[in-house]
Amino acid sequence: MTADLPVQQDAGSAAGASGTVPERASVQQRLAGAVQDAQAPAAPLRRLEGGPNFLIAGTQQGGTQWLQHQLSRHPHADVVKDAAPFFSRPGRLTKDEEIQKFLEPFADGSKPLRGHRSPGYFWVADPRSEFSPPRKHDTAAAIRDMLDPNAPVLLSLRNPVERAISAYWRHFSNAEIELGAGIFQTPARLGIVDRGFYRRHYEDWARTLGPERLRVLVFDDLVERPRVYLQEALSALRVGDSPEFWDSLKPKVKVGNVGWLPQFKKQSPITAQEIAALHALYADDIRFMEELLGRELPRWHNVGRLVKQYTAEGK
């Protein structure tokens with residue numbers, strides 16, 4: 001990478017910069033009063049009947065598919081297998097045939113909790129950012145207007161640096177970027193960098209939906225303490241404990257790879273400089289998540305581990 005790598009902006013104004021992580025309630029209380037300020041949609045949308053009553057909405061490369069599989073084992077919950085986006089596609093939201101197509105998988109109704117997963121939902125554009133597409137549909141507003149107003153929204157978030165690296169390889173495996181392209185040169189429309197600005201995305205969603213509907217889960221817990229991670233999800237869904245569920249779990253986390261991809265990762269074009277630049281770019285977002293959660297996230301600060309794990313020079 002060259003000297004034109006991005007630098008951290010406005011980090012000095014971030015809460016928690018002193019090193020002490022404030023209580024989660026402090027963030028939630030500040031955001032709760034701003035819900036009424038969310039803008040109304042450009043066109044009226046109809047409330048869905050018989051659709052999902054909870055969402056797994058983000059983030060990409062954050063373990064949402066694993067969460068879908070595990071929750072579907074619960075006797076009171078199911079997450080439909082079709083993860084095709086709906087609320088982020090304005091062309092689908094007002095067409096009767098598209099609405100019926102979206103609702104069909106939920107018609108079974110054999111379980112009281114019906115979930116829909118689309119990890120790409122948690123993304124809010126900022127036209128001032130060079131990493132963001134200039135405009136995006138207001139997904140949170142569509143969810144607010146069309147979904148049960150009490151439906152919980154689960155956000156499984158991963159260290160934004162690792163998430164960007166993982167997204168880079170996923171888009172490479174889909175032939176959407178060239179191997180030699182640096183992370184900061186990837187197309188803005190893919191959101192490889194932009195999706196990691198968690199403060200922007202969360203604050204917008206909290207204003208629109210209300211912070212009480214949002215539950216952040218941490219990918220680190222999924223890997224290290226999968227039962228604790230799942231208990232957090234069940235708590236957000238207000239689902240009672242079930243021995244049958246816990247006995248049926250297969251909590252081992254499998255990281256999927258295209259068969260030929262590992263050989264390219266061994267010669268990774270991602271550099272230590274890029275990783276350090278990403279960490280600096282996301283510093284405010286990491287502190288924000290620590291404040292929101294009321295806990296420290298030490299693995300999100302360990303740049304040396306990331307360099308060793310994800311760069312050719314570190315291996």
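Guide: In this predicted model, helix α13 is followed by G294, a residue with a positive phi, near 70°. Helix α13 itself spans residues 283-293 and is mostly covered, with 11 of its 11 residues buried. Among the buried residues of α13 are A283, I286, F288, M289, L292 and L293, and D284, D285, R287, E290 and E291 are buried as well.

Next comes the packing of two other helices. Two packed helices are described by the angle between their axes and the distance between the axes. For helix α6 (residues 160-173) and helix α12 (residues 272-281), the angle is about 130° and the axes are 9 Å apart. Angles over 145 degrees would count as roughly antiparallel, and 65 to 115 as roughly perpendicular; α6 and α12 are therefore oblique to each other. The crossing of α6 past α12 is right-handed. On the α6 side the contact involves V161, A164 and I165, which meet I275, L278 and H279 of α12. Sorted by type, the residues of this contact are five nonpolar, one polar and no charged.

A272 and K308 are 36 residues apart in sequence, and their C-alpha atoms are 8.7 Å apart in space. K308 is located in helix α14, which covers residues 303-310. Its relative accessibility is 60%, so K308 counts as exposed, the cut-off for that being over 50%.

How values were computed: Residues are numbered from 1 along each chain as its sequence is written. This is a predicted model: local features need pLDDT of at least 70, side-chain atom pairs count only at pLDDT 80 or more; totals for chains, interfaces and linings use all residues. Side-chain values use heavy atoms; hydrogens and water are left out. Buried means under 20% relative accessible area, exposed over 50%, partly exposed in between (1.4 Å probe, protein chains only). Helices (H or I, at least four residues) and strands (E, at least two) are DSSP runs, numbered from the N terminus. Axes are lines fitted to C-alpha atoms, for helices over the stretch in contact, and angles run from 0 to 180 degrees between N-to-C directions. Angles under 35 degrees count as roughly parallel, over 145 as roughly antiparallel, 65 to 115 as roughly perpendicular and the rest as oblique. A crossing is left-handed if the near helix is turned anticlockwise from the far one by less than a right angle, and right-handed if clockwise. Contact means heavy atoms within 4.5 Å. Ala, Val, Leu, Ile, Met, Phe, Trp, Tyr, Cys and Pro count as nonpolar, Asp, Glu, Lys and Arg as charged, and the others, Gly among them, as polar.
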